[in-house]
Amino acid sequence: MKMKEFLSSLSTLAASADRVVLGEGSRLAFLSDLHLGDGSSGDDGQRNAPLLEAALGAWYEPRGFGLVLNGDVEELHKFPLGSIMKAHRGLYELFDRFAARGALRKIVGNHDLALLAEKDYPYRLEHAVRYEWKGRPILAYHGHQASRFFVDYNYLSDFVVRWLANPLRIKNAEIPLTSKRRFKTERRVYRASRRLGLVSVIGHTHRPLFESLTKYDRLRHALETLLRRYTMAAGDEREALSRTIDAYATEFSRISSTRRGADAGRSLYAEKDALLPCLFNSGCATGRHGATALEIDSGRISLVHWTRAGSERPYIAAEAVRSEDLPGTPYRRWVLAEEPLDYVFARLELLGGKKTNAGAEIERRDREA
């Protein structure tokens with residue numbers, strides 16, 4: 001898919017999506033890539049289902065959050081919908097509670113695109129939702145739209161998973177993590193979002209992104225800052241910094257030694273201009289150590305990590321802005337990064353230059369809609 005094609009496609013998606021105005025007290029949780037199955041050993045969503053039930057039922061729902069399920073919630077490439085809903089009845093009951101107060105948005109991804117053909121599916125389905133913060137657009141969509149392979153050949157993807165990966169017990173949730181297509185997808189989404197002057201909130205690649213930065217990037221930049229502070233510190237502060245640097249360096253080394261880490265070292269965007277915070281990714285809910293999500297809460301956007309207390313890697317405790325236990329459960333919520341939306345859009349506007357023709361195209365299509 002050429003960049004010009006995706007720009008046109010994304011501007012159309014932005015103009016045609018439902019528009020929701022965010023207020024000062026608006027609260028949203030973005031989850032994607034649950035890959036729920038039938039409860040069998042091939043169900044990639046089974047591991048963290050209890051964690052998700054606790055997070056939704058004991059944190060997000062009581063606090064009045066809206067829930068945005070941003071694609072690939074059901075793994076329809078491998079399992080029939082009926083068996084999925086039966087195996088994960090507790091999660092669907094929670095989805096019902098959000099839906100009952102008009103607080104659920106269900107966006108389709110490439111693995112649950114077949115929901116569009118289901119006559120009795122209980123929730124409204126969308127390809128994107130356009131949120132607006134003080135008139136600035138935040139477009140939530142799954143992200144497979146940036147790949148011609150998934151758009152044009154989703155039936156082939158379904159065939160490969162259903163008849164090859166599933167019988168061979170290949171964990172489907174691992175496939176996007178090792179595929180170089182994810183980098184092309186992220187790069188294409190970043191460049192188009194920058195051109196259009198909007199913030200994209202996606203899933204699909206299973207990799208958390210905050211302000212267009214990967215975990216690899218965040219660790220690298222944090223290490224540089226910590227090392228500068230260390231050279232000027234003394235006594236207890238120097239000792240504490242040494243422990244933090246060790247935790248970060250251990251995790252950085254672990255990532256760098258893997259194939260995925262080697263890929264992460266490459267430039268995703270290959271742009272000479274300043275990196276803009278126009279790409280956010282909620283990651284996935286199938287991780288070995290927990291689930292990640294994005295939150296918008298009272299004008300701030302955050303990347304959070306949900307995990308069983310005590311099972312997190314040491315660097316998480318060093319990196320987190322803050323954390324809290326989920327009372328009555330064995331789980332803990334870590335806020336890994338957080339910024340005001342005003343700051344995010346100020347960077348976009350001041351560093352991104354003038355509005356492009358593509359951005360003007362969104363406004364033209366808005367007027368025609």
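# Close-up views of a predicted model

**View 1. Asp 325 and Arg 332 joined by a salt bridge.** The side chains of Asp 325 and Arg 332 meet in a salt bridge, with N and O 2.4 Å apart; the term stands for a side-chain nitrogen of Lys or Arg within 4 Å of a carboxyl oxygen of Asp or Glu. Asp 325 is partly exposed, at a relative accessible area of 46%, where buried means under 20% relative accessible area, exposed over 50% and partly exposed in between (1.4 Å probe, protein chains only). This is a predicted model, in which local features need pLDDT of at least 70 and side-chain atom pairs count only at pLDDT 80 or more, while totals for chains, interfaces and linings use all residues. Residues are numbered from 1 along each chain as its sequence is written, and side-chain values use heavy atoms, with hydrogens and water left out.

View 2. Among the 23 salt bridges found in a search of the whole structure is that of Arg 207 with Glu 186, whose closest N and O atoms are 2.3 Å apart. Because Arg 207 lies in the loop between β8 (199-202) and α9 (215-232) and Glu 186 in helix α8 (residues 181-196), the pair ties together parts that are 21 residues apart in sequence; helices (H or I, at least four residues) and strands (E, at least two) are DSSP runs, numbered from the N terminus. Arg 207 counts as buried at 7% relative accessibility, and Glu 186 counts as buried at 0%. A salt bridge also joins the side chains of Glu 211 and Arg 347 (3.4 Å, N to O), linking distant parts of the chain, since Glu 211 sits in the loop between β8 and α9 and Arg 347 in helix α13 (residues 341-351), 136 residues apart. Glu 211 is buried, with a relative accessible area of 9%.

**View 3. The buried face of helix α4.** The 12 residues of helix α4 (residues 89-100) should span 16 Å at 1.5 Å a residue, and the 16 Å between its end C-alpha atoms agrees with this; the expected span is 1.5 Å times one less than the number of residues. Leu 91, Tyr 92, Leu 94, Phe 95 and Phe 98 are buried in α4. Seen down the axis of α4, its buried residues fall within an arc of 155°, so they line one face of the helix, the arc being that of the directions from the helix axis to the C-beta atoms. Just after α4, Gly 102 takes a positive phi of about 70°.

View 4. Trp 59, Tyr 60, Phe 65 and Trp 306 form one aromatic cluster. Rings of Phe, Tyr and Trp (its six-membered ring) pair if their centres lie within 6.5 Å, and planes under 30 degrees apart count as stacked, over 60 as edge-to-face and the rest as tilted. A search of the whole structure finds 8 aromatic pairs, including the edge-to-face pair of Trp 59 and Trp 306, at 5.9 Å centre to centre and 75° between the planes. This pair links distant parts of the chain, with Trp 59 in helix α2 and Trp 306 in strand β11 (residues 300-308), 247 residues apart. Trp 59 counts as buried at 10% relative accessibility, and Trp 306 is buried at 3%. Tyr 60 and Trp 306 also form an edge-to-face pair, at 5.8 Å centre to centre and 70° between the planes.
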